[in-house]
Amino acid sequence: MSTTDNTPLSRKRLHSVFEQLANDRKLDILGYAAEHGEFPVTDLKDEFGFPHTTAHEYCRDLAEAGLLYREKGKPAVYSPVDFDIHLSLDAISTAVAAESETVDYMLAEYGDGIVEEVLDIWERVDAGDLTYREASAALEMTHADFLRLAAELELFDR
């Protein structure tokens, strides 16, 4: 699977893209984008009758998945992203293995309890009591490893 941003294939990326493509309304938006090119979100309200907040949410989700591009500024304007989906069992296997390698590395480097420790301390990060750097220091992890594990556990998406 490739897009113009060359985001590497991962389990998270697969989930994100296919979750968007499984939604008929979001497919309608992608079709509209392909037909019209750049468009303001307000066009979707007129075209599909979506409430304004729903149109914004759908476009934001599609942009986060790499399927639309959000132009800077207001009002929100989006444009299509050229992408191809070439998926094979080997590609899926590689994506899953890479994720497993990250978690396996963390367990070997920091011990069997590190995942639970990161999940526990994340509550304090979410509450604003700790920065990422302070949390990684408290766990005696390198900052990069802390961020990598948090990303694998999808903590940034909460």
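Helices are DSSP runs of H or I with at least four residues, numbered from the N terminus. The model used in these exercises is predicted.

**Exercise 1**

Which helices each supply at least two residues of the negative patch, and which of them gives the largest share?

Solution. 
- Step 1. List the patch: on the surface, Asp24, Asp28, Glu35, Asp46 and Glu47 gather as a group of negative charge.
- Step 2. Place the helices: H2 covers 24-36 and H3 covers 42-48, and each supplies at least two residues of the patch.
- Step 3. Find the largest share: H2 contributes three residues.

**Exercise 2**

Is aspartate 28 buried, partly exposed or exposed?

Solution. 
- Step 1. Take its relative accessible area, which is 38%.
- Step 2. Apply the cut-offs: buried means under 20%, exposed means over 50%, and partly exposed is in between.
- Step 3. Aspartate 28 is therefore partly exposed, because its relative accessible area is 38%.

**Exercise 3**

Which residue of S4 is the bridge partner of proline 40, and which is that of glutamate 71?

Solution. 
- Step 1. Pair S2 with S4: strand S2 (residues 39-40) runs antiparallel to strand S4 (residues 77-80), and two bridges join them.
- Step 2. Pair S3 with S4: strand S3 (residues 68-71) is also antiparallel to S4, with four bridges.
- Step 3. Read off the partners: proline 40 is bridged to valine 77, and glutamate 71 is bridged to valine 77.

**Exercise 4**

Which glycine takes a positive phi in the hairpin of S3 and S4?

Solution. 
- Step 1. Go to the hairpin, where five residues lie between the strands.
- Step 2. The residue is glycine 73, with a phi near 100 degrees.

Technical notes:
Residues numbered from 1 in each chain as written. Predicted model: local features only at pLDDT ≥ 70, side-chain atom pairs only at ≥ 80, totals over all residues. Heavy atoms only, no water. Patch = residues over 30% accessible without salt bridge, like charges linked within 9 Å, V, L, I, M, F, W, Y side chains within 5 Å. Areas by Shrake-Rupley, 256 points an atom, 1.4 Å probe, with all protein chains shown as cover. Salt bridge = Lys/Arg side-chain N within 4 Å of Asp/Glu carboxyl O. Lys, Arg positive; Asp, Glu negative; His and termini not counted. Charge placed at Lys NZ, Arg CZ, Asp CG, Glu CD. Buried < 20%, exposed > 50% of the residue type's maximum accessible area, 1.4 Å probe, protein only. Pairing = 2+ DSSP bridges.
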